[in-house]
Amino acid sequence: MLAKNPVLLRSDLFDGLEEATIEELADTARLQTFAPDERIIAEGEPASFVYCVMSGFVRLSKSEPTGREADIYVCECGDTFGEYLLSGGGSYAYSAWSADGAEVAVFELSDLRTLADRHPIIHRNVMRIMTRHLLGAMDCIAGDRLHTAAQRVANYLVSRCPASASQVTFRLPYRKRILAGKLGLAPEALSRAFAALVPAGVEVRGKVVLVDSVDLLRKAC
């Protein structure tokens, strides 16, 4: 039963809702599973649904008339996308793709609008989600303007290191192509950034990252 699903209950969309409202909102949703790299929504198509990621990852992308496409965000477990449509608009502003396979909760947009009008706290939650997305976009723009590709990658790797650790080995949560999109880089730029961090003690073997000196890596940020 989705009303008891821990991922939905922890999501920003359900924050602070009373139990009866949670059940009513969850009853409007259905689960849908997507294969790796399967398209979920297409930029510009009429909008009918809002989505919450239940497992896996979903990458959001924007395209230009020539067909070139760039990832703009990677949604993780509990993240919502399409929520901005509650305030108006009839088409999707971006495309969404399952990354390595994903399961999402699908909410009918018309039902969600009706519920939000009856329970204003849902509108508050949607505003919080939109604000977080806006601030994240601003941070991304600042990172693009202030940091080199190697510095962006170094900052991301440091964020994966425990504060007290001097050496760390960990696995990347997704494919390098998806990480590149998350960091606003082309895949080849990500590869060059990893190579540039070798003198800082970083070694990458597939999805496994070995950091020989966290302090040295911090200096590369």
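**Sheet pairing and nonpolar cores**

Phenylalanine 170 has valine 209 in strand 9 as its bridge partner. The structure is a predicted model, in which local features require pLDDT of at least 70 and side-chain atom pairs count only at pLDDT 80 or more, whereas totals for chains, interfaces and linings use all residues. Residues are numbered from 1 along each chain as its sequence is written, and side-chain values use heavy atoms, with hydrogens and water left out.

Strand 7 and strand 9 (residues 208–211) run antiparallel and are joined by four bridges. Strands are DSSP runs of E with at least two residues, helices are runs of H or I with at least four, and both are numbered from the N terminus; two strands pair if DSSP finds at least two bridges between them. An open, antiparallel sheet is formed by three strands in the order 7-9-8. Strand 7 (168–171) and strand 8 (202–205) are its edge strands, each pairing on one side only.

A nonpolar core is a set of buried (under 20% relative accessible area, 1.4 Å probe, protein chains only) Ala, Val, Leu, Ile, Met, Phe, Trp, Tyr and Cys residues joined through side-chain atoms within 4.5 Å. The largest such core comprises 42 residues, and those with the most contacts inside it are Phe14, Leu25, Val58, Phe81, Phe107 and Ile122. Strand 3 supplies the largest share of this core, seven residues. Apart from neighbours within four places in sequence, isoleucine 122 is in contact (heavy atoms within 4.5 Å) with Leu13, Leu17, Thr21, Leu25, Leu86, Leu115 and Ala116. A second, separate core of 30 residues includes Tyr156, Cys161, Ala165 and Leu172.

Key: Buried < 20%, exposed > 50% of the residue type's maximum accessible area, 1.4 Å probe, protein only.
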